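Open the structure in your viewer and keep the selection tool at hand. Each stop below gives a selection and then what is found there.

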Amino acid sequence: MNSQELILKQKLEDCYSEIFENELIDEIIKVGHLKTIKDGELLIDIGSDLTHIPLILEGVVKIVRKEKNGEEIVLHFLERGSTCAISFANCINHKKSIFKGVVETTMEGVFLPVEHIDEWLVKYKTWRHFIIDSYHFRLLEMVDSIDGLAFMKMDERTLKFLSDKVKINNSLI
């Protein structure tokens, strides 16, 4: 293993060793590439081709949906140890992105080519569970958002949003 692969292996083990088996981590090292994206930069834009899936090692990414009239709504945040569940189906079906991913705090991630995503679903039980858990977690977040819209007053929703943002960014700023 070269020094770049050793660094990637250490970062993956720090973040995903309790989730993925060693053989999957080894495959991720072979095909993935490590990338850092700074605050405020786009991870992906609406209408972009999805060629890679990110595994978040550090930082936070805000996932946003944009309406035709230009209004945006934050769907959720991706953090260390997560990935974008919405991307999986789009990648497998070769669809363009229906959301925008904006880096909130400098993100470091391993980007996996889509051609391996489907193959690993069959080959690795831990990968399959990771994908299903990602969908499940996002579904629960969506239900929570719907509950907030349906049952919370605007000031309560605003306070919740700001509280969540402080937790995500680990800062009051």
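A charge counts as sitting over a ring if NZ of Lys or CZ of Arg is within 6 Å of the ring centre and within 35 degrees of the ring normal. The model on screen is a predicted one.

**Stop 1: a charge over a ring**

Select Lys35 and Phe111. Lys35 lies over the face of Phe111, and the distance to the ring centre is 5.7 Å.

**Stop 2: the nonpolar core**

Next, which residues have the most contacts inside the largest nonpolar core? Select Leu12, Phe20, Ile28, Leu55 and Trp127; the core they belong to has 36 residues. Colour the elements that give two or more residues to this core: helix 1 (3–16), helix 2 (22–31), strand 2 (42–44), strand 3 (52–66), helix 3 (85–92), strand 5 (100–113), helix 4 (117–123) and helix 5 (125–151). With six residues, strand 3 gives the most. In soluble globular proteins, nonpolar side chains tend to be buried together.

Now centre on Leu12 and hide its neighbours within four places in sequence. What remains in contact with Leu12 is Ser17, Ile25, Ile28, Ile29, Leu55, Leu57 and Val110.

Move to helix 2, where the buried residues are Leu24, Ile25, Glu27, Ile28 and Ile29. Show their surroundings: the buried residues of helix 2 pack against helix 1, strand 3, strand 5, helix 4 and helix 5.

**Stop 3: the aromatic cluster**

How many aromatic pairs are there? The count is six. Select Phe20 and Trp127, a tilted pair with 5.6 Å between ring centres and 45° between the planes. Phe20 is in the loop between helix 1 and helix 2, whereas Trp127 is in helix 5, so this pair ties together parts that are 107 residues apart in sequence. Phe20 and Trp127 are both buried.

Phe130 is buried, as is Trp127.

Ring pairs link Tyr16, Phe20, Trp120, Trp127 and Phe130 into a cluster.

**Stop 4: helix 3 against helix 5**

Two packed helices are described by the angle between their axes and the distance between the axes. Display helix 3 and helix 5: their axes come within 8 Å and cross at roughly 120°. Helix 3 and helix 5 are therefore oblique to each other, because the roughly perpendicular class covers 65 to 115 degrees and the roughly antiparallel class begins over 145. To see the contact itself, select Ala85, Phe88 and Ala89 on helix 3, with Trp127, Ile131, Ser134, Tyr135 and Arg138 on helix 5.

Staying on helix 3, select its buried residues Ala85, Ser87, Phe88, Asn90 and Cys91. The buried residues of helix 3 pack against strand 3, helix 4 and helix 5. Then step just past the end of helix 3 to His94, which takes a positive phi of about 55°.

**Stop 5**

Select Phe137, found in helix 5. Is Phe137 buried or partly exposed? Its relative accessible area is 45%, so Phe137 is partly exposed. Draw a C-alpha distance from Phe137 to His94: these residues are 43 apart along the chain and separated by 23 Å.

Then select Leu139, also in helix 5.

**Stop 6: two buried residues**

Go to Ser97, in the loop between helix 3 and strand 5. Ser97 is buried, with 3% relative accessible area. Leaving out residues up to four places away in sequence, Ser97 touches Ile44, Asp45, Ile46, Gly47, Ser48, Leu50 and Asn90.

The tour ends at Val64, in strand 3. Val64 is buried at a relative accessible area of 3%. Its contacts, with residues up to four places away in sequence not counted, are Glu72, Ile73, Val74, Leu75, Phe99 and Lys100. The C-alpha atoms of Val64 and Ile46 are 9.2 Å apart, and the two residues are 18 apart in sequence.

Key
Residues numbered from 1 in each chain as written. Predicted model: local features only at pLDDT ≥ 70, side-chain atom pairs only at ≥ 80, totals over all residues. Heavy atoms only, no water. Core = buried A, V, L, I, M, F, W, Y, C linked by side-chain atoms within 4.5 Å. Buried < 20%, exposed > 50% of the residue type's maximum accessible area, 1.4 Å probe, protein only. Helix = DSSP H or I, 4+ residues; strand = E, 2+ residues; numbered from the N terminus. Contact = heavy atoms within 4.5 Å. Phe/Tyr/Trp six-rings, centres within 6.5 Å; stacked < 30°, edge-to-face > 60°. Axes fitted to C-alpha atoms, helices over the stretch in contact; angles between N-to-C directions. Parallel < 35°, antiparallel > 145°, perpendicular 65-115°, else oblique.
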